[in-house]
Amino acid sequence: HLVMNSSKVLSARLSVLAAGGAAGDDAAAYDDSHEMLLLSPADDAADPNELMSHPAHGQTWRCMLRSDAVRVEDRLELSDGGGHHNRNDRGAAVCARVVAVHRPWLEDGEADGIEADVMFEVDNQAAYNMDSLLRAYGAIPIPPYLNRDAVFSDTTAYQTVYADKQGSVAAPTAGLHFSDDMMDELRADGSAHTVSDVTLHVGAGTFKPVVGGIDDHEMHRESFDIGVDVLDALIASLSKNVPIVPVGTTSVRVLESLYWMGARKLLRGGGGVDDVDDDSLSPPPPVHLAQWEPREIAKEYSAACRALPNADCALVSLSSPSMNGGNCGSGSSSSGKKTTMTTSCLRGTTEICIAQGYEFQIIDGLVTNFHQSKSTLMHLTAAVVGGEERLRECYAHAIREEYRFLSFGDACFMVLA
């Protein structure tokens, strides 16, 4: 049973200039222009894919600003990337007003900056929805280690052929190896294998290096959704002992997060979501898994002298309406939040950190690329193969055989140790 991440990369890399506000009055506080990388909607409950069709004016997004001079109430005008204010053929200038500054943003090999929330302001409010704004001003955020600017071909080359829902700032690159013909063949032969899609919107935190020990690393939060039909298919495969093989580490994060969310619900009851009134128009609270919460849940089971639940039982517990986060395809308000409880999709966020010693609950193997050192992805794959020494052996073989590494490199199939 293959599980693939259908998230699509946004044209999320923007260039901005000071336009006014706290630091805008001091032009020397800025370079001619600097980078603004959109990370996710500021509201965890908002679906980035749905926000694409809504007016850009008034939307608030979490971003990385490659400048430490930015302050709250600064207005940053989107530019053409060459240091020029840009009023394009729609006759609409677009600004991003800084509404919150959160923390420094430190990235290996890149200029430092800050993590902030910005609200988009369009002087002609009807000119852009979010999708058309990013198409007009944005570029595909190819990995920084490629050491080049994005080109037009990256809009397709840095997307999987099955990418469907916009929201990522990095591609789930293990899926780049699958062509349209391969996908047609895989999906046509349902008697031999099942192919399912989940969605996890990949954040820029995937490029943050692990400095020191993994226990001290602050994991990034990413949003996901999974259809109830996919949950049912996974439950059926698990009950029949059909191997579950995710394509890419992002799919692993979804599947393992789902297990612990289900185990938590079975242990504690509703986990904070069973109090939702199905007749209410209020959006349901997001389902979230914290970075080290699997450890805490396992400890609680042990303290209660209870065994951890089987994987299929954990997933069955998530199919109840009260755990549901909304409809994956429609039925949203203008803010991107869900307005009704439905039974078609589970939405949530996860910070799960998988490292050596983690006991996998759902997966039996993994299709993945060869990753950058000092990354959380290396820690995850070490856990899959049974430890750092075994992973070093795998990478030594790849180097001897001159395999290609990183995003546009080769893939491998790892069997769970």
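## Cores, pocket and confidence

Let's start inside this predicted model: its largest nonpolar core holds 56 residues, and Leu315 and Ile362 have the most contacts inside it. Helix α6, spanning residues 249–268, gives the most to this core, with nine residues. Another core lies apart from the largest one and has 36 residues, including Val16, Leu39, Leu76 and Leu78.

Now to the open space. The largest pocket has a volume of about 850 Å³. Its lining is made up of 34 residues, and those nearest the centre are Arg103, Glu115, Met219, His220 and Arg221. Strands β4 (34–41), β7 (94–105) and β11 (222–227) are the elements that give two or more residues to this lining. By residue class, the lining of the largest pocket has 13 nonpolar, ten polar and eleven charged members.

Finally, a word on confidence. The chain has a mean pLDDT of 85, with 83% of its residues at 70 or more. Two stretches deserve a careful eye, and the table sets them side by side with their contacts in the model.

| Stretch | pLDDT | Contacts beyond near neighbours in sequence |
|---|---|---|
| Residues 322–327 | below 50 | 34 contacts |
| Residues 329–342 | under 50 | 44 contacts, beyond four places in sequence |

Terms used. Residues are numbered from 1 along each chain as its sequence is written. This is a predicted model: local features need pLDDT of at least 70, side-chain atom pairs count only at pLDDT 80 or more; totals for chains, interfaces and linings use all residues. Side-chain values use heavy atoms; hydrogens and water are left out. On a 1 Å grid over the protein atoms alone, a cavity is a set of points where a 1.4 Å probe fits but cannot get out, and a pocket is an open set with protein on both sides within 12 Å along at least five of seven lines; lining residues have an atom within 4 Å of a point. Grid points are joined across faces, edges and corners, and a volume is the space filled by probe spheres set on the points. Helices (H or I, at least four residues) and strands (E, at least two) are DSSP runs, numbered from the N terminus. Ala, Val, Leu, Ile, Met, Phe, Trp, Tyr, Cys and Pro count as nonpolar, Asp, Glu, Lys and Arg as charged, and the others, Gly among them, as polar. A nonpolar core is a set of buried Ala, Val, Leu, Ile, Met, Phe, Trp, Tyr and Cys residues joined through side-chain atoms within 4.5 Å. Buried means under 20% relative accessible area, exposed over 50%, partly exposed in between (1.4 Å probe, protein chains only). pLDDT is the predictor's confidence in each residue, from 0 to 100. Contact means heavy atoms within 4.5 Å.
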